[in-house]
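Here is a short briefing to read alongside the model. Please keep the viewer open as you go through the points.

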Amino acid sequence: PSVNPQSPAAICSGSATNIPLTSSVGGATFIWTITANGVTGASAQATAVAGPIAQTLTYTAAPGTVTYSVRAVAAGCTTATTVNIVQTVVPTASIS
């Protein structure tokens, strides 16, 4: 199976992601690892799930990105190819 990547729009700090995951093989599920840069709230998914990636992310510092490295699983087979999906998180404005 393969992952059909989506390019998500930037989200505001404190908002939830809604990254759909689809595959070239029907019924596929997904696992992912993460690399967070200036963002908290992201977590890896070691047990295969149908998706979407739905996590509440908080901006802490620039650049404010999470890279989800996603692999598809179907009929017990995990794809060797990893697809990177980058979610940008922007700070929310405050009045001082």
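Predicted model: local features only at pLDDT ≥ 70, side-chain atom pairs only at ≥ 80, totals over all residues.

Residues are numbered from 1 along each chain as its sequence is written, and side-chain values use heavy atoms, with hydrogens and water left out.

**The aromatic pair**

- You will find one aromatic pair in the structure; rings of Phe, Tyr and Trp (its six-membered ring) pair if their centres lie within 6.5 Å, and planes under 30 degrees apart count as stacked, over 60 as edge-to-face and the rest as tilted.
- The ring centres of Trp 32 and Tyr 68 are 6.4 Å apart with the planes at 85°, so this pair is edge-to-face.
- Because Trp 32 sits in strand E4 (residues 29–37) and Tyr 68 in strand E8 (residues 65–74), the pair ties together parts that are 36 residues apart in sequence; strands here are DSSP runs of at least two residues, numbered from the N terminus.
- Trp 32 is buried at 5% relative accessible area, and Tyr 68 is buried at 0% (buried means under 20% relative accessible area, exposed over 50%, partly exposed in between, with a 1.4 Å probe and protein chains only).

**The nonpolar core**

- The largest nonpolar core has 17 residues, of which Leu 21, Ile 53, Leu 57, Tyr 68 and Val 70 touch the most other members; such a core is a set of buried Ala, Val, Leu, Ile, Met, Phe, Trp, Tyr and Cys residues joined through side-chain atoms within 4.5 Å.
- At least two residues of this core come from each of E4, E8 and strand E10 (83–90), and E8 gives the largest share, four residues.

**Strand pairing**

- E4 and E8 run antiparallel and are joined by nine bridges (two strands pair if DSSP finds at least two bridges between them).
- Val 70 in E8 is the bridge partner of Trp 32.
- E4 also runs antiparallel to strand E6 (residues 45–49), with two bridges between them, and there Phe 30 stands opposite Val 49.

**A loop residue, Thr 79**

- Thr 79 belongs to the loop between strand E9 (77–78) and E10, and at 10% relative accessibility it counts as buried.
- Beyond its neighbours within four places in sequence, Thr 79 is in contact with Pro 1, Arg 71 and Ala 72 (contact means heavy atoms within 4.5 Å).
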